[in-house]
Amino acid sequence: MRTVGALQRFSRVLVCPCPPPSSVRSWSMAQIRSCSRSSAEKPMPRNSMLRHLTSKIKATGPISVAEYMREVLTNPVTGYYVQNDMLGPDGDFITSPEISQIFGELLGIWCLSEWMGAGKPSHFQLVEFGPGRGSLANDILRVFSQLRGALGGTAVSVHLVEVSSKLSQVQAQALTRDQSQVSAREDEPVYRQGTTTTGLPISWYRNLDDVPRGFSIYLAHEFFDALPIHKFQSLIVMWAQRTEKGWREVMVDIDPDEPGKLRFVIVPAPTLASTQLIQADEVRRLVEVCPEGGIIIQHLANRIAEDGGAALIADYGHGGTKTDTFRGFKDHKLHDVLASPGSADLTADVDFSYLRKMAGATVACMGPVSQRDFLKNMGIDTRLQVLLRNCADPSIKAQLIQSYDMLTNPQKMGERFQFFTMLNHRRLTRPEPEQSEGGEKKAPAPLPVAGFSELGLS
Ligand code: SAH
């Protein structure tokens, strides 16, 4: 969650799912933060990042916002994600899985429900994009472990797509208690491998293309908002000695009045991006487009159509209506996106209408629905009651209620956060009737898609 102020007070408590009251555990703030650096220890990459960007601009001219964002966030040496553990109260922002265990548990149920809805395939890959501190995967795997009877002999494996080797270390600590091996060569497609504390094989990749094919449930939580966007503005322009309405790209340049500072400029001529990425029927004056997100969606759609499975994408978003959502966050406060590049998170709201368009007809798309509706449909109220019943400590009870409110309250994360899913078409169609001795046997209706309708697991 990229938000300002109030979230700093959130600490994640873990209440065992069906514990006797005495086994309720809470993590102290110090323990929760054990993997993050204090501000004093944080590396100060901004000078080197600013130097890198200004020499690039001097050499080739203004750079697109997408290139700026890519460099600042994922440059292999000085990138924000590569250098920092930015999540949690000590970092720059906090996310739903870091706020409450219930979030990950309900997503774990969602994964199992989709695996069941697909006819319980014998191999099941859980693939997560940008797993942050590994909290979401950890909560999901705890659910898998508790419901291992339902999974039977299914071969479950875990695959994490993570650009930051620093964060992969944090994830490995959370998921394998650091029992993972790093590849000898930096450029290996699988750069880290191990076994989770629940006994499942786990691997780390930098790209989706390197993840093995097969039935998979893909999760992306606050991942697409970190992908680079291009920004465009619609203007009346003089072009080829004519006045016309045209799209021009917003770029990042050195401020001529202050050479140590960056500024936005609008380039006078069309760019490849401004001619290729704007839809013909676009009515907004300012538009942000995330082509990298579109490409990942297309790859996911093809995989889901060919191998089976589903993708669940959760993020800040809109339906193609917002115009200017590019923001910086540092220490839980808004931060000028061009100031001290590399020291703050950069993000832009996800345009779900664009993702749907890029998915095309290859898969069935549902949503987006609000986080509040999704979690309510998944049974968050019942889950909260169970945890409260099993918890004797009044302060933990209060935290459970507070984090529930943060996740579901429309004024907090309940409405602004959206869930979108892509499914194999077979998942929603009733199978052909089976022929049996007594005549035709009606095939059962497909399971409803949990979260997008009420959870109906029998
Ligand atoms: N999903 C987590 C973390 C969100 S922060 C949560 O909700 O708590 C974004 C995550 O995506 C980080 O783990 C970051 O390192 C990763 N990331 C950002 N850009 C990436 C890219 N291009 N490829 C792979 N991982 C990326």
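Axes are lines fitted to C-alpha atoms, for helices over the stretch in contact, and angles run from 0 to 180 degrees between N-to-C directions. Helices (H or I, at least four residues) and strands (E, at least two) are DSSP runs, numbered from the N terminus. The structure is a predicted model, in which local features need pLDDT of at least 70 and side-chain atom pairs count only at pLDDT 80 or more, while totals for chains, interfaces and linings use all residues. Residues are numbered from 1 along each chain as its sequence is written, and side-chain values use heavy atoms, with hydrogens and water left out.

**Confidence**

The pLDDT is the predictor's confidence in each residue, from 0 to 100. The protein chain averages 88, and 88% of the residues score at least 70. Residues 4-9 stay under 50 and have 14 contacts beyond four places in sequence, a contact being heavy atoms within 4.5 Å. The pLDDT is also below 50 over residues 17-46, a stretch with 63 contacts in the model beyond near neighbours in sequence. Where pLDDT is low, the predicted coordinates should not be read in detail.

**Helix packing**

| Helix pair | Angle | Axis separation |
|---|---|---|
| Helix 6 (residues 101-117) and helix 7 (residues 135-146) | roughly 55° | within 7 Å |
| Helix 11 (residues 291-307) and helix 12 (residues 352-359) | about 40° | 8 Å |
| Helix 14 (residues 380-389) and helix 15 (residues 394-408) | about 170° | 10 Å |

Angles under 35 degrees count as roughly parallel, over 145 as roughly antiparallel, 65 to 115 as roughly perpendicular and the rest as oblique. Helix 6 and helix 7 are therefore oblique to each other. The crossing of helix 6 over helix 7 is right-handed, meaning that the near helix is turned clockwise from the far one by less than a right angle. On helix 6 the contact residues include Phe103, Leu107, Cys111 and Leu112, and those on helix 7 include Leu136, Ile140 and Val143. This contact of helix 6 with helix 7 has nine nonpolar, three polar and three charged residues. In these classes, Ala, Val, Leu, Ile, Met, Phe, Trp, Tyr, Cys and Pro are nonpolar, Asp, Glu, Lys and Arg are charged, and the others, Gly among them, are polar.

Helix 11 and helix 12 are likewise oblique to each other, as their angle implies, and helix 11 passes helix 12 in a right-handed crossing. Pro291, Gly293, Gly294, Ile297, Gln298 and Ala301 of helix 11 meet Tyr354, Leu355, Met358 and Ala359 of helix 12. Seven nonpolar and three polar residues make up the contact of helix 11 with helix 12, with no charged ones.

Helix 14 and helix 15 are, from their angle, roughly antiparallel to each other. Helix 14 contributes Ile380, Asp381, Leu384, Leu387 and Leu388, and helix 15 contributes Lys397, Leu400, Ile401, Tyr404, Leu407 and Thr408. Eight of the residues in the contact of helix 14 with helix 15 are nonpolar, one is polar and two are charged.

**Sheet and backbone**

An open sheet of three strands has the order 14-13-15 with antiparallel pairing, where two strands pair if DSSP finds at least two bridges between them. Strand 14 (333-335) and strand 15 (345-347) are the edges, each with a single partner strand, so one side of each has no neighbour in the sheet. The twist from one strand to the next averages 40°. Strand 13 (residues 327-330) and strand 14 are joined by three bridges; Phe329 has Leu334 in strand 14 as its bridge partner.

His332 lies in the loop between strand 13 and strand 14, and its phi is near 65°, a positive value in a residue other than glycine. The peptide bond from Gly367 to Pro368 is cis, with omega near 5°, and Pro368 is in strand 17 (residues 364-370).
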